[in-house]
Amino acid sequence: MRPESPAEAVERAERQALADKTFTVIRCSLSRLPPRERMFLKLHFQSGMTVANAARFLEADGDKALYRKKEEILKRLKTDLKAEGISLEDAQELLSNLDWEAALSEDEDEAKNDGKAKDEDKAKEEDKDKP
């Protein structure tokens, strides 16, 4: 393996800086979404679920509304990227390497609160079953 030339090192550093900036913008944009929309994105893009199946899984009002929501989210993401000077082509290339699990995961506090709510719901259900 040959050593990296100065030009290659500069190119690699610029590419890494662009990737870091792009991922920061994407994560920030996705973090502003409600948990249900992040879950939809995770089901659709990460798990490969169709919009129709994701709508059924999420018990959404219909897949047409979810198609519109998907387009709205992607449009907002494109706007956020453009506002930061990131081209759509660069973003698409970098998206193939995005850690979707980290990008779409809930905030730690949000996850804790959601877990508490689920525990409370479960306790209520168990209380109903008691004579």
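## Overall layout

Seven helices and zero strands make up this protein, and the model you are looking at is a predicted one. Reading from the N terminus, the elements follow the order α-α-α-α-α-α-α.

Of the 131 residues in the protein, 24% are buried. The protein exposes about 9,500 Å², and carbon and sulfur atoms account for 52% of that area. If you look at contacts between residues at least 6 apart in sequence, 64% of them join residues at least 24 apart.

On the α2 side, the residues involved are Glu37, Phe40, Leu41, His44 and Phe45. They meet Leu66, Lys69, Lys70, Ile73 and Leu74 in α4. By type, the residues of this contact are six nonpolar, one polar and three charged.

## The nonpolar core

The largest nonpolar core has 21 residues, and those touching the most other members are Ile26, Phe40, Leu41, Leu66, Leu81 and Ile86. Two or more residues come from each of α1 (6-31), α2, α3 (51-57), α4 and α5 (88-95). Helix α1 contributes the most, with six residues.

Ile86 is worth a click in your viewer. Leaving aside residues up to four places away in sequence, Ile86 touches Leu18, Lys21, Thr22, Val25, Leu81 and Ala91.

Notes
Residues are numbered from 1 along each chain as its sequence is written. This is a predicted model: local features need pLDDT of at least 70, side-chain atom pairs count only at pLDDT 80 or more; totals for chains, interfaces and linings use all residues. Side-chain values use heavy atoms; hydrogens and water are left out. Contact means heavy atoms within 4.5 Å. Helices (H or I, at least four residues) and strands (E, at least two) are DSSP runs, numbered from the N terminus. Ala, Val, Leu, Ile, Met, Phe, Trp, Tyr, Cys and Pro count as nonpolar, Asp, Glu, Lys and Arg as charged, and the others, Gly among them, as polar. A nonpolar core is a set of buried Ala, Val, Leu, Ile, Met, Phe, Trp, Tyr and Cys residues joined through side-chain atoms within 4.5 Å. Buried means under 20% relative accessible area, exposed over 50%, partly exposed in between (1.4 Å probe, protein chains only). Accessible areas come from the Shrake-Rupley method with a 1.4 Å probe; for residues, only the protein chains shown count as cover.
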